[in-house]
Amino acid sequence: TLQRLLMSPTPRNIILGGKLVGVFISVVFQLSMLFLALTLIGSLMQGKLTWIWGNQPALLVIVILAASLAVSGLGMLLAGIVKSPEQAQVFTSVLNIGLAVLGGAFGFALPRAISQLSMLYWGRNAFEMLAVGQTGIWLNVLILAIQGAAMFAIGLFLFNRRFENA
């Protein structure tokens with residue numbers, strides 16, 4: 001399908017922008033389902049229906065949207081870097097594990113200056129802040145949105161350059 005789209009008169013940035021929107025919607029849906037599942041698990045552990053994400057649902061939605069943008073941008077960056085599905089599998093696995101280690105997803109934390117290199121850190125930190133009732137998540141949202149936009153722009157540049165040279 002991609003080859004057919006690239007042969008059409010549609011600009012590549014429109015094709016990738018459409019792909020970004022599709023991936024973004026998918027990530028928002030996946031994160032929303034994850035949050036509902038975690039809420040259900042937390043409720044089962046408490047023995048009653050419990051909302052475990054603080055008292056600011058609008059801020060929770062904003063963080064989910066910012067995290068989804070960052071993840072979608074990372075996907076577009078990978079699309080610009082990899083040249084085959086096999087490469088994508090290797091890059092994705094290594095990158096996911098690396099970002100998880102940097103962001104503190106394995107139960108241990110690296111020094112904060114190192115952890116802040118991972119988008120996972122900023123998302124996890126924002127969700128933790130909301131869960132305990134804090135609302136100062138705007139720096140986290142800004143960094144996630146900037147990371148997503150920057151990775152999309154770099155991925156678009158690399159993707160265009162690869163197909164111009166082909």
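This briefing describes the fold, the pockets and selected residues of one protein model.

The model is predicted, so local features are reported at pLDDT of at least 70 and side-chain atom pairs only at pLDDT 80 or more, while totals for chains, interfaces and linings use all residues. Residues are numbered from 1 along each chain as its sequence is written, and side-chain values use heavy atoms, with hydrogens and water left out. The protein contains 7 helices and 0 strands, where helices (H or I, at least four residues) and strands (E, at least two) are DSSP runs numbered from the N terminus.

**Overall architecture**

- Read along the sequence, the elements follow the pattern α-α-α-α-α-α-α.
- The C-alpha trace spans about 60 × 30 × 30 Å along its principal axes.
- Of the 166 residues, 36% count as buried; the term buried denotes under 20% relative accessible area, exposed denotes over 50%, and partly exposed lies in between (1.4 Å probe, protein chains only).
- Among contacts between residues at least 6 apart in sequence, 63% join residues at least 24 apart, a contact being heavy atoms within 4.5 Å.
- The protein exposes about 10,000 Å², of which carbon and sulfur atoms supply 71%; accessible areas come from the Shrake-Rupley method with a 1.4 Å probe, and for residues only the protein chains shown count as cover.

**Largest pocket**

- The largest pocket has a volume of about 570 Å³. A pocket is defined on a 1 Å grid over the protein atoms alone, as an open set of points where a 1.4 Å probe fits, with protein on both sides within 12 Å along at least five of seven lines. Grid points are joined across faces, edges and corners, and a volume is the space filled by probe spheres set on the points.
- Its lining comprises 22 residues, and Leu31, Ala67, Val71, Met119 and Leu120 lie nearest the centre; a lining residue has an atom within 4 Å of a point.
- At least two lining residues come from each of helix 2 (12-46), helix 3 (57-81), helix 4 (85-103) and helix 6 (119-131).
- The lining divides into 15 nonpolar, 5 polar and 2 charged residues. In this division Ala, Val, Leu, Ile, Met, Phe, Trp, Tyr, Cys and Pro count as nonpolar, Asp, Glu, Lys and Arg as charged, and the others, Gly among them, as polar.

**Second largest pocket**

- The second largest pocket holds about 480 Å³ of space.
- Lys19, Gly75, Met76, Leu78 and Ala79 are the closest to its centre among the 20 residues that line this second pocket.
- Helix 2, helix 3, helix 4 and helix 7 (138-165) are the elements that give two or more residues to this lining.
- By class, the lining of the second largest pocket has 14 nonpolar, 3 polar and 3 charged residues.

- Leu99 lies in helix 4 and is buried, at a relative accessible area of 17%.
- Residues up to four places away in sequence aside, Leu99 touches Leu74, Ser118, Met119 and Leu120.
- Ser118, in the loop between helix 5 and helix 6, is buried with a relative accessible area of 0%.
- A polar atom of the Ser118 side chain lies 2.9 Å from the backbone oxygen of Leu99. A polar contact is a pair of N or O atoms within 3.5 Å; within protein, one must be able to donate a hydrogen and the other to accept it, and residues adjacent in sequence count only if both atoms are side-chain atoms.
- Beyond its neighbours within four places, Ser118 is in contact with Leu99, Leu102 and Gly103.
- Ser115 belongs to helix 5 (residues 112-115), is buried at 3% relative accessible area, and touches Leu102, Gly103, Leu110 and Tyr121, not counting residues up to four places away in sequence.

**Asn140**

- Asn140 lies in helix 7 and counts as buried at 3% relative accessibility.
- The side chain of Asn140 reaches the backbone oxygen of Trp122 at 2.9 Å.
- Neighbours within four places in sequence aside, Asn140 is in contact with Trp122, Asn125, Ala126 and Met129.

- Val21, in helix 2, is partly exposed with a relative accessible area of 46%. Val21 and Ser72 are 51 residues apart in sequence and 8.3 Å apart, C-alpha to C-alpha.
- Gln89, in helix 4, is exposed at 58% relative accessible area.
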